[in-house]
Amino acid sequence: MTTFKSDFMNELQWRGFIHQVSDAAGIDALAAKGEVVAYVGYDCTAPSLHIGHLLSAMMLHWLQETGAGRPITLMGGGTTRVGDPSGKDETRQILSIEQIDANKESIKHVFKRFLKFGDGKTDAVMADNAEWLTKLNYIEMLRDIGRHFSVNRMLSMDSVKLRLERDQEMSFIEFNYMILQSYDFVELARRYGCNLQMGGSDQWGNIVTGVDLGRRMGTRQLYALTTPLLTTASGAKMGKTAAGAVWLNADQFSPYDYWQYWRNTEDADVGRFLKLFTTLSMSEIAKLEALQGSEINEAKKVLATEATALLHGRDAANEAAETARRTFEEGALAETLPTVEIPRGELDAGIGVLAAYVKAGLVASNGEARRQIKGGGLRVNDIAVTDEKMVLTPLNLTAEGVIKLSLGKKRHVLLRAA
């Protein structure tokens, strides 16, 4: 393990954030002087970011926390109009300008949980590449920027090469994405003195292309740093549940569900995730990593509570932990469980159990609900569902006026008639 001069690089290394880096010594020297200005780009493809974005957000957090420099969160108001082909077999859906703007406004708020924004030396900046990308003249762009790009090299990039190797069509608009991302780096260097771009390992090709473009266009020295691909110990891609993605916005994935997601971490991942997704100290994490056997469940609860507190606040985290304790340890029906309301008339008419589980967000489709029933995974008011044609009516309401829907032992939603 390398010993760096800066707290920033030592923190990233110890916590497991570093995968690829263009010049570790160069970044370390800047960080030691508090002169790193680093950005991460976030395209506005959905109303919420998901758990896969947390790694880069935490790197920006540690940049600010260690005093190494200034973080920039770049909203992709411009690049979202093109669509990043990285890691995709199909062209991304082209969103309307209105939808992109709505998504952008919706995802902005999450960064305030991880960063402090303002005008100070290490205060974070929020930028939007629509400010410059939408004003580019196509002919001028080809002449001033496009001439620095080799098509041969672009074809060798993973985001392009892997798509072509699988005989999947890539549109010309997608092919241009790396040019726009590279130009973002140059523009941020000019506007804010940005000198480092960070992101996931799938972005490495795009990032180093930006470093090269900066050199060709006369910026200061630029640097690149990426995180590892996020997978669980069993090799599964992290951030998915039976009902879909683990979103960061509370209205799309409740604090309770978020807490439960972390509580269900595989034993072998607890220490790694404590380092990546909490701000606990090295000594605190070492104590939790030392727990063995059934005691590791206590470490999982700490992980769940600390990760939830970081995103949703300490009160929401404590409430989620208490709800889980009452539900599982006392067997009580905790009214703070996630609740989904349905029109009273719909319940009076009867709602199919498959549709109820989809509506509650516990499964993604009727087919998934059927598979869960066959495996004994669905319960209504703690009674196993055996008939996929079961219909829920007011007769299923508990004394508290709700219907408790359960998926497995740890995911529960209350269905309430409004």
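Q: In strand 12, which residue is the bridge partner of Arg379?
A: In this predicted model, strand 11 covers residues 378–380 and is joined to strand 12 by two bridges, the two strands running antiparallel. Within that pairing, the bridge partner of Arg379 in strand 12 is Ala384.

Q: Which strands stand at the edges of the open sheet of five strands?
A: The open sheet has mixed pairing, and its strands follow the order 9-15-14-11-12. The strands at the edges each have a single partner strand, so one side of each is left without a neighbour in the sheet; they are strand 9 (339–342) and strand 12 (383–384).

Q: Where in the protein is confidence lowest, and where is it highest?
A: Over the protein the mean pLDDT is 88, and 94% of the residues reach 70 or more. Where pLDDT is low, the predicted coordinates should not be read in detail. Confidence is lowest in strand 7 (residues 240–241), at a mean of 63, and highest in helix 2 (residues 24–32), at 98.

Q: Against which elements do the buried residues of helix 2 pack?
A: The buried residues of helix 2 are Gly26, Ile27, Asp28, Leu30 and Ala31, and just after this helix Gly34 takes a positive phi of about 70 degrees. The elements that the buried residues pack against are helix 1 (7–15), strand 1 (20–21), strand 2 (36–43), strand 5 (196–200) and strand 6 (223–227).

Q: Which residues of the largest nonpolar core touch the most other members?
A: This core has 68 residues, and its largest share, eight residues, comes from helix 3 (residues 54–65). Leaving out residues up to four places away in sequence, Phe277 touches Leu54, Leu55, Leu230, Met238, Trp262, Ala307 and Leu310. The residues that touch the most other members of the core are Met198, Trp262 and Phe277.

Q: Is Met126 buried or partly exposed, and why?
A: Met126 has its place in strand 4, which spans residues 125–128. A residue is buried when its relative accessible area is under 20% and exposed when it is over 50%. Because its relative accessibility is 28%, Met126 counts as partly exposed.

Q: How many Å apart in space are Met126 and Thr73, C-alpha to C-alpha?
A: Apart from its neighbours within four places in sequence, Met126 is in contact with Thr73, Met75, Lys108, Phe111 and Phe117. Met126 and Thr73 lie 53 residues apart in sequence, while their C-alpha to C-alpha distance in space is 4.9 Å.

Definitions and conventions:
Residues numbered from 1 in each chain as written. Predicted model: local features only at pLDDT ≥ 70, side-chain atom pairs only at ≥ 80, totals over all residues. Heavy atoms only, no water. Pairing = 2+ DSSP bridges. Helix = DSSP H or I, 4+ residues; strand = E, 2+ residues; numbered from the N terminus. pLDDT = per-residue confidence, 0-100. Buried < 20%, exposed > 50% of the residue type's maximum accessible area, 1.4 Å probe, protein only. Contact = heavy atoms within 4.5 Å. Core = buried A, V, L, I, M, F, W, Y, C linked by side-chain atoms within 4.5 Å.
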